[in-house]
Amino acid sequence: LYPTPKKYCSNPPKVAPPNAILFPLYSTTSNLNITKLQAGIGDSLCSIMPHNGTSTEYIFWCLFYTKYKLKQHFKGSRNKAATLSDIRNMKLPIPSLKIQIEIANFLTKETKHIDKLIKVKEKIIILLDQKEKALIRHAIIKGINSDIKLKDTNIEWIGRIPQHWNIYRSKYILLESNERTNSEQEELLSVSHITGVTSRSEKKVNMFLSKSFVSYKKVNKED
């Protein structure tokens, strides 16, 4: 909540008044926020001011939850977005102002506690990831027998290895398979920097599909 103000331009597309809720219109834009000061905002944000008799913080939490429901209906092929009409037609539960404030205070307190726990978990995950990498490196370079004699390889990233081990260029121990499909019975795979290698049927993507998969590279089990 309450972003740190920074001056990016002297003539912003839109201006949000103090205590306005900043609602991201695009699915790729960051989460909701509340601005303490008058702020210049871009077209990717919508400035929302609750009516009198409603708590800004309570409406913030309502919109915070509703945004994820609204995302399912975002429109657009590349930059999926909500419209002002979508936001105006959202239905929100509105209790008395007293209960709104109680709920908002409760959520602010509890989510701060959860965020702290998440940060602790993230640090633990980073440490475990580092430990895993160190474990793998030690096993593939030094082996699992700590009492064995070592020799220098004169290779910077490898360093010293067990005395009876050898070093080979990968081209002498690896072979690229160039087998091709002759039917369309094989499962088509897809690669992504986010999900890695997965079945194309698991993706909700229809672009760049070939009319035929014959002559595609073929992978066999255990490849």
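**Briefing: selected residues of a predicted model**

Thr-66 sits in helix H1, which covers residues 56-70. Helices (H or I, at least four residues) and strands (E, at least two) are DSSP runs, numbered from the N terminus. This is a predicted model, in which local features need pLDDT of at least 70 and side-chain atom pairs count only at pLDDT 80 or more, while totals for chains, interfaces and linings use all residues. Residues are numbered from 1 along each chain as its sequence is written, and side-chain values use heavy atoms, with hydrogens and water left out.

**Thr-66 and the cysteines**

- Thr-66 has a relative accessible area of 15% and is therefore buried; buried means under 20% relative accessible area, exposed over 50%, and partly exposed in between (1.4 Å probe, protein chains only).
- A polar atom of the Thr-66 side chain lies 2.6 Å from the backbone oxygen of Cys-62.
- Apart from neighbours within four places in sequence, Thr-66 is in contact (heavy atoms within 4.5 Å) with Met-90 and Leu-92.
- Cys-62 counts as buried because its relative accessibility is 10%.
- Cys-46 also has 10% relative accessibility, so Cys-46 counts as buried.
- The structure holds zero disulfides, a disulfide being a pair of cysteine sulfur atoms within 2.5 Å.
- In general, a disulfide is a covalent bond between the sulfur atoms of two cysteines.

**The loop between S7 and S8**

- Thr-181 belongs to the loop that runs between strand S7 (160-162) and strand S8 (189-192).
- With a relative accessibility of 8%, Thr-181 counts as buried.
- Leaving out residues up to four places away in sequence, Thr-181 touches Glu-186 as well as Phe-213, Val-214, Ser-215, Tyr-216, Lys-217 and Lys-218.
- Leu-174 is found in the loop between S7 and S8, and Leu-174 counts as exposed because its relative accessibility is 59%.
- Leu-174 is part of a nonpolar surface patch with Tyr-168, Tyr-172 and Ile-173, and together these residues have about 540 Å² of accessible area.
- Patches are made of residues with over 30% relative accessible area and no salt bridge, with like charges joined within 9 Å and nonpolar side chains (Val, Leu, Ile, Met, Phe, Trp, Tyr) within 5 Å.
- A salt bridge is a side-chain nitrogen of Lys or Arg within 4 Å of a carboxyl oxygen of Asp or Glu.

**Gly-159**

- Gly-159 lies in the loop between strand S6 (150-152) and S7.
- Not counting residues up to four places away in sequence, Gly-159 touches Lys-151, Asp-152 and Thr-153.
- From C-alpha to C-alpha, Gly-159 and Ile-141 are 8.0 Å apart in space, and they are 18 residues apart in sequence.

Conventions
Areas by Shrake-Rupley, 256 points an atom, 1.4 Å probe, with all protein chains shown as cover. Polar contact = N/O pair within 3.5 Å; in protein donor to acceptor, adjacent residues only side chain to side chain.
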